[in-house]
Amino acid sequence: MTTNTTVFKRMGIFLSLVFSDYNEARAFREAFMRLVIYIVLFAIGYRLNLVFDNVPDGRIFDGYVMAALFCGLSVLSGFMNNMICIGGCLTMLLFMVIKLAISMVIGIIALPICLALNLYHIVKTGAVLVNSCFLS
């Protein structure tokens, strides 16, 4: 029994060495892609200027709202992703409109937090990946 435990411990140590870089690379890629999506959506909202074209800094707010909408949808999908809505097309349309409105409110509040968290993940995992590349 101790031999099997020792073998599994050694296998676990070996597998953690092999897959730790993969998990950190995946976390880095996910955080980086979210930041790229936020920047692209901000640029699209800034360029289109759909809602606030008469307001002096309306372009900046339009870009912020576009990025906040994606952030709110991603935060809200963690809570309401598997929610089942029984009904017809009108019920689903009403559900989507309500979900979009709620995600806009959540996104306006959560976007700075998500940006800071993604930057933190990029710095943390980037430093670990750079150290592992230069030490091996």
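Modeller: Let's begin with one term: a residue is called buried when its relative accessible area is under 20%, exposed when over 50%, and partly exposed in between. Please keep in mind that this is a predicted model.

Colleague: Then why is Asn 49 called buried?

Modeller: The relative accessible area of Asn 49 is 14%. Buried means under 20%, so Asn 49 counts as buried. You can find Asn 49 in the loop between α1 and α2.

Colleague: What makes the phi of Asn 49 worth a remark?

Modeller: Phi of Asn 49 is near 50 degrees, which is a positive value in a residue other than glycine. Most residues other than glycine have a negative phi.

Colleague: How do you know how confident the predictor is in the protein chain?

Modeller: We look at pLDDT, the predictor's confidence in each residue, which runs from 0 to 100. The protein chain averages 80, and 76% of the residues score at least 70. Among the elements, α1 has the lowest mean pLDDT, 73, while helix α2, residues 58-80, has the highest, 88.

Colleague: Why are Cys 71 and Cys 114 not called a disulfide?

Modeller: A disulfide needs two cysteine sulfur atoms within 2.5 Å. By this rule the count comes to zero disulfides. For Cys 71, the nearest cysteine sulfur is that of Cys 114, and it is 3.1 Å away, so by the cut-off Cys 71 is in no disulfide.

Colleague: Where is Cys 71, and which residues does it touch?

Modeller: Cys 71 sits in helix α2. Leaving out residues up to four places away in sequence, Cys 71 touches Tyr 38, Ala 110, Leu 111 and Cys 114. The C-alpha atoms of Cys 71 and Ile 106 are separated by 8.1 Å, with the two residues 35 apart along the chain.

Colleague: Are Cys 71 and Cys 89 buried or exposed?

Modeller: Cys 71 has a relative accessible area of 0%, so Cys 71 is buried. Cys 89 has 73% relative accessibility, and therefore counts as exposed.

Colleague: What makes Ser 103 buried?

Modeller: Its relative accessibility is 0%, and the cut-off is under 20%, so Ser 103 counts as buried. Ser 103 belongs to helix α3, residues 89-135. Not counting residues up to four places away in sequence, Ser 103 touches Ala 68, Leu 69, Gly 72, Leu 73 and Leu 76.

Colleague: Why is the pair Glu 30 and Arg 26 called a salt bridge?

Modeller: The rule asks for a side-chain nitrogen of Lys or Arg within 4 Å of a carboxyl oxygen of Asp or Glu. For Glu 30 and Arg 26 the N to O distance is 3.5 Å, so the pair meets the rule. The structure holds one salt bridge. Both residues lie in helix α1, four residues apart, about one turn of the helix. Glu 30 is partly exposed at 45% relative accessibility, and Arg 26 is partly exposed at 34%.

Colleague: How do you know that Val 36 is partly exposed?

Modeller: Val 36 has 31% relative accessibility, which falls between 20% and 50%, so Val 36 counts as partly exposed. Val 36 is in helix α1, residues 2-48. A nonpolar patch on the surface includes Val 36, along with Phe 32, Met 33, Val 40, Ile 44, Leu 48, Leu 50 and Val 51, and together they have about 720 Å² of accessible area.

Key:
Residues numbered from 1 in each chain as written. Heavy atoms only, no water. Patch = residues over 30% accessible without salt bridge, like charges linked within 9 Å, V, L, I, M, F, W, Y side chains within 5 Å. Areas by Shrake-Rupley, 256 points an atom, 1.4 Å probe, with all protein chains shown as cover. Helix = DSSP H or I, 4+ residues; strand = E, 2+ residues; numbered from the N terminus. Buried < 20%, exposed > 50% of the residue type's maximum accessible area, 1.4 Å probe, protein only. Contact = heavy atoms within 4.5 Å.
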